[in-house]
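Please keep the sequence and the coordinates at hand while reading.

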Amino acid sequence: MNAGEAMAIALEEAVLAASHDDVPIGAVLLDASGDLVARDHNRREERGDATAHAEMLVIARRSKDIGQWRLTGHTLVVTLEPCAMCAMASVWARIDRIVYGASDLKAGAAWSLFNIPQDERLNHHIDLESGVMESECRDVLSGFFGDRR
């Protein structure tokens, strides 16, 4: 599966988040073969849990499924640039690549405010790709926040 196909699925997940008043962010995880192995969306409001970000949920799901915290060879695809928590969790999980749609100028930690995945001081570095289906990802977020203003 390529990044665009994976992002389209992440966008489907983002829409599900909005259905329970969570910020519409979706994520999928691809294994080294490019197969989709986990998918989810933000569930902070639904679970009352500040850590229930889409990225954290797919990392946890995959780790549980394979009984291993090291996700070497995996690609995280997410509709919005990961925050510091999710970027660092990706480093700890040894994810190889992060692909995201829209940049997050207020909280982004994979280029915008910080670059945690490529910080030279850390013992693992992640390849980054941004702007995949950026306008579609931004539209979902803009629609969600526009409806609440």
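Ser130 lies in the loop between β5 and α5; helices (H or I, at least four residues) and strands (E, at least two) are DSSP runs, numbered from the N terminus. The model is predicted, so that local features need pLDDT of at least 70 and side-chain atom pairs count only at pLDDT 80 or more, while totals for chains, interfaces and linings use all residues. Residues are numbered from 1 along each chain as its sequence is written, and side-chain values use heavy atoms, with hydrogens and water left out.

With a relative accessible area of 33%, Ser130 is partly exposed. On this scale, buried means under 20% relative accessible area, exposed over 50%, and partly exposed in between (1.4 Å probe, protein chains only). Leaving out residues up to four places away in sequence, Ser130 touches Tyr100, Gly101 and Trp111, where contact means heavy atoms within 4.5 Å. Between Ser130 and Met85, 45 residues apart in sequence, the C-alpha to C-alpha separation is 18 Å.

Trp111, one of the residues touched by Ser130, is placed in the loop between β4 and β5 (127-129). Trp111 is partly exposed at 40% relative accessibility. Its phi is near 140 degrees, a positive value in a residue other than glycine. Arg94 also has a positive phi, near 65 degrees. Arg94 sits in the loop between α4 and β4, and is buried, with a relative accessible area of 19%.

The helix before Arg94 is α4. Within α4, Cys86, Ala87, Met88, Ala89, Ser90 and Val91 are buried. Which elements are among those that cover the buried residues of α4? They include α3, β3 and β4.

In soluble globular proteins, nonpolar side chains tend to be buried together. A nonpolar core is a set of buried Ala, Val, Leu, Ile, Met, Phe, Trp, Tyr and Cys residues joined through side-chain atoms within 4.5 Å. The largest nonpolar core here has 41 residues, of which Met7, Ile25, Leu29, Leu76, Val77 and Ile95 touch the most other members. Two or more residues of this core come from each of α1 (3-18), β1 (26-30), β2 (36-41), α3 (54-66), β3 (75-80), α4 (84-92), β4 (97-102) and α5 (134-148). Of these, α1 gives the most, with six residues.

Apart from its neighbours within four places in sequence, Ile95 is in contact with Leu29, Ile59, Leu71, His74, Thr75, Leu76, Ser90, His124 and Ile126. Among these partners, His74 is found in the loop between α3 and β3. Is His74 buried or exposed? His74 is buried, with a relative accessible area of 6%. The side chain of His74 reaches the backbone oxygen of Thr72 at 3.4 Å. Beyond four places in sequence, the contacts of His74 are Leu29, Leu30, Asp31, Val37, Arg62, Ile95, Asp96 and Arg97.

Another buried residue is Asp40, with a relative accessible area of 6%. Asp40 lies in strand β2. Its side chain makes a polar contact with the side chain of Arg43 at 2.7 Å. A polar contact is a pair of N or O atoms within 3.5 Å; within protein, one must be able to donate a hydrogen and the other to accept it, and residues adjacent in sequence count only if both atoms are side-chain atoms. Not counting residues up to four places away in sequence, Asp40 touches Glu13, Gly26, Ala27, Ala54, Leu57 and Val58. The C-alpha atoms of Asp40 and Glu13 are separated by 5.9 Å, although these residues are 27 residues apart along the chain.

The last topic is a helix pair. Two packed helices are described by the angle between their axes and the distance between the axes. The helices α1 and α5 pack at an angle of about 10 degrees, with their axes 10 Å apart. Axes are lines fitted to C-alpha atoms, for helices over the stretch in contact, and angles run from 0 to 180 degrees between N-to-C directions. The two helices α1 and α5 are therefore roughly parallel to each other, as angles under 35 degrees count as roughly parallel, over 145 as roughly antiparallel, 65 to 115 as roughly perpendicular and the rest as oblique.

In this pair, Met7, Leu11, Ala14 and Ala18 of α1 meet Glu136, Cys137, Val140, Phe144 and Arg148 of α5. By class, the contact has seven nonpolar, no polar and two charged residues. Glu136, in helix α5, is partly exposed at 37% relative accessibility.

Note on methods: Nonpolar A, V, L, I, M, F, W, Y, C, P; charged D, E, K, R; others polar.
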